[in-house]
Amino acid sequence: MKGVILAGGSGSRLYPLTRITNKHLLPVYDQPMVYYPIQLLVEAGIDRILIVTGGNHAGEFLPLLGNGSAFGLKHLDYTHQERAAGIADALALARHFVGGDDVCVLLADNIFEFSIRPTVDRFEAQGGGARVILAGVDHPEHYGVPVFRDGHIEKIEEKPAVPASRYAVTGCYLYDNLVFEVVKGLEPSARGELEITDVNNAYLRRGRLQHDVIDGYWADCGESFESLLRANLLVQRNGASKPVAERARLSA
């Protein structure tokens, strides 16, 4: 499995902090934000990683991350998204890098308290398709929201005015190699972007999407100044990307 970290976007919701740098280079407690998704992938056993970035500050990633040796990697790949055109559009840029493998896609402004290794293992056991991670949130209307029937996701609604559940689809998505054909068949949404919710719904229509519900916290650093502050406090208090063994110890 390959890992793809999406670190583009304009960062408009965190302006003026993002006036002179990319959002994903802002600090969260004691590390740059982009460190956390790299650490999450490495802890899950994924060591071939592509960083997709864009905007006027894309060149700042290379001197910060280099070849990934600080994370125990032998190499990091980079590619550039010319304009912000949606998560699925950014994912499409990874097609050559992923080749014939499966892919774990992470939004670079998402931080998870615990390792995603169990989700990676379950995805590999399910034999293709897609898998997403859900988290209970206070304001699901800001996210893609799953609609359940008999314990299974029936569809995902993007930022619904009246959410059907209290859950949000987090920024961690696992796909088989067919995802790139799915993306090719998408039409831009009303805001002119290729939406990752449309990708997930395409897998749902084929009966090929499974889900996990997160343990511990999930932090979306880029939603607002308040969410960035919350992420800093959660990481300070609880750490991040902690291994499975620690989760088991805490629940014992």
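User: How many helices and strands does the secondary structure of the protein chain come to?

Analyst: This is a predicted model. The protein chain comes to nine helices and 13 strands.

User: What makes the radius of gyration of the protein chain agree with a compact globule?

Analyst: The rule gives a radius of gyration near 18 Å for a compact globule with 252 residues. The protein chain has 17 Å, so the two agree. Its C-alpha atoms fill a box of roughly 45 × 45 × 35 Å along the principal axes.

User: What share of the residues is buried, and what share of the contacts joins residues 24 or more positions apart?

Analyst: Buried residues make up 53% of the 252. Among contacts with a separation of 6 or more, 72% link residues 24 or more positions apart.

User: Why is isoleucine 214 called buried?

Analyst: Buried means under 20% relative accessible area. Isoleucine 214 has 18%, so it counts as buried. This residue is in the loop between strand 12 (209–213) and strand 13.

User: Which residues is isoleucine 214 in contact with, leaving aside neighbours within four places in sequence?

Analyst: Phe112, Ile133, Leu134 and Ala135. Contact here requires heavy atoms within 4.5 Å.

User: How far apart are the C-alpha atoms of isoleucine 214 and tyrosine 175?

Analyst: They are separated by 18 Å. Along the chain, the two residues are 39 apart.

User: How do you know that strand 6 is mostly covered?

Analyst: Count its residues: five of the five in strand 6 (residues 103–107) are buried. Both faces are covered. Val103, Val105 and Leu107 are on one side, with Cys104 and Leu106 on the other.

User: How do you know that strand 6 pairs with strand 1 and strand 11?

Analyst: Pairing needs at least two bridges between the strands. Strand 1 (residues 2–7) and strand 6 have five, in the parallel sense. Strand 6 and strand 11 (residues 167–175) have four, and they run antiparallel. Both counts therefore meet the cut-off of at least two.

User: Which residues of helix 1 are buried, and what follows the helix?

Analyst: In helix 1 (residues 35–43), the buried residues are Tyr35, Tyr36, Pro37, Ile38, Leu40 and Leu41. Just after helix 1, glycine 45 takes a positive phi of about 90°.

User: What lines the largest pocket?

Analyst: The lining has 42 residues, and Arg13, Lys23, Ile87, Leu107 and Arg191 lie nearest the centre. The space in this pocket is about 870 Å³. Strand 11 gives the largest share of the lining, four residues. Elements that each supply at least two residues include strand 1, helix 3 (87–92) and helix 7 (196–205).

User: How many residues of each class are in that lining of the largest pocket?

Analyst: It has 16 nonpolar, 16 polar and 10 charged residues.

User: What is the volume of the second largest pocket, and which residues are closest to its centre?

Analyst: About 410 Å³ of space lies in the second largest pocket. Of its 18 lining residues, Val137, Asp138, His139, Tyr143 and Arg230 are the closest to the centre. Strand 8 (130–136), strand 13 and helix 8 (225–238) each supply at least two lining residues. By class, this lining has seven nonpolar, six polar and five charged residues.

Note on methods
Residues numbered from 1 in each chain as written. Predicted model: local features only at pLDDT ≥ 70, side-chain atom pairs only at ≥ 80, totals over all residues. Heavy atoms only, no water. Buried < 20%, exposed > 50% of the residue type's maximum accessible area, 1.4 Å probe, protein only. 1 Å grid on protein atoms, 1.4 Å probe; cavity = no way out; pocket = protein on both sides within 12 Å on 5 of 7 lines; lining within 4 Å. Points joined across faces, edges and corners; volume = space filled by probe spheres on them. Nonpolar A, V, L, I, M, F, W, Y, C, P; charged D, E, K, R; others polar. Rg over C-alpha atoms; globule rule 2.2 N^0.38 Å.
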